[in-house]
Amino acid sequence: MAIIIEYAYLRKEFGDGESACMAVAKHQNKFIASSNLKDISKFSQTHGITYLTTMYILEQAYLDGILSQTACNQFITDVLDKGG
């Protein structure tokens, strides 16, 4: 119930996805993966929630050999082409 209440409160200021992620992360001691730092950074810092950016995840995928540099660059290009 606490997650739903938190979600409803956050939804007044943020989008559905960010609100849901922040509510779950706060009440279940989870982390957030997002590039929407404008919305999540202050809340995350206030509540001690770790957040990972898309670029961090891409870097880790590259360093761990999961994605090639070409694949990472293509992902970034695709996101930018879609207005991200």
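Predicted model: local features only at pLDDT ≥ 70, side-chain atom pairs only at ≥ 80, totals over all residues.
Residues are numbered from 1 along each chain as its sequence is written, and side-chain values use heavy atoms, with hydrogens and water left out.

Helices here are DSSP runs (H or I, at least four residues), numbered from the N terminus. On the helix 4 side, T54, M55, L58 and Y62 meet Q69, C72, F75 and I76 of helix 5, where contact means heavy atoms within 4.5 Å. The residues of this contact comprise 6 nonpolar, 2 polar and no charged.

I turn now to the core. The largest nonpolar core has 9 residues: L10, F14, M22, A23, A25, I32, I40, F43 and I49. Such a core is a set of buried Ala, Val, Leu, Ile, Met, Phe, Trp, Tyr and Cys residues joined through side-chain atoms within 4.5 Å, and buried means under 20% relative accessible area (1.4 Å probe, protein chains only). Helix 2 gives the most to this core, with 3 residues. Leaving aside residues up to four places away in sequence, I40 touches E18, M22, I32, S34 and Y51.

Finally, G15. This residue lies in the loop between helix 1 (2-11) and helix 2 (16-28). G15 and D39 are 24 residues apart in sequence, and their C-alpha atoms are 8.7 Å apart in space.

Terms used. Helix = DSSP H or I, 4+ residues; strand = E, 2+ residues; numbered from the N terminus. Buried < 20%, exposed > 50% of the residue type's maximum accessible area, 1.4 Å probe, protein only. Nonpolar A, V, L, I, M, F, W, Y, C, P; charged D, E, K, R; others polar.
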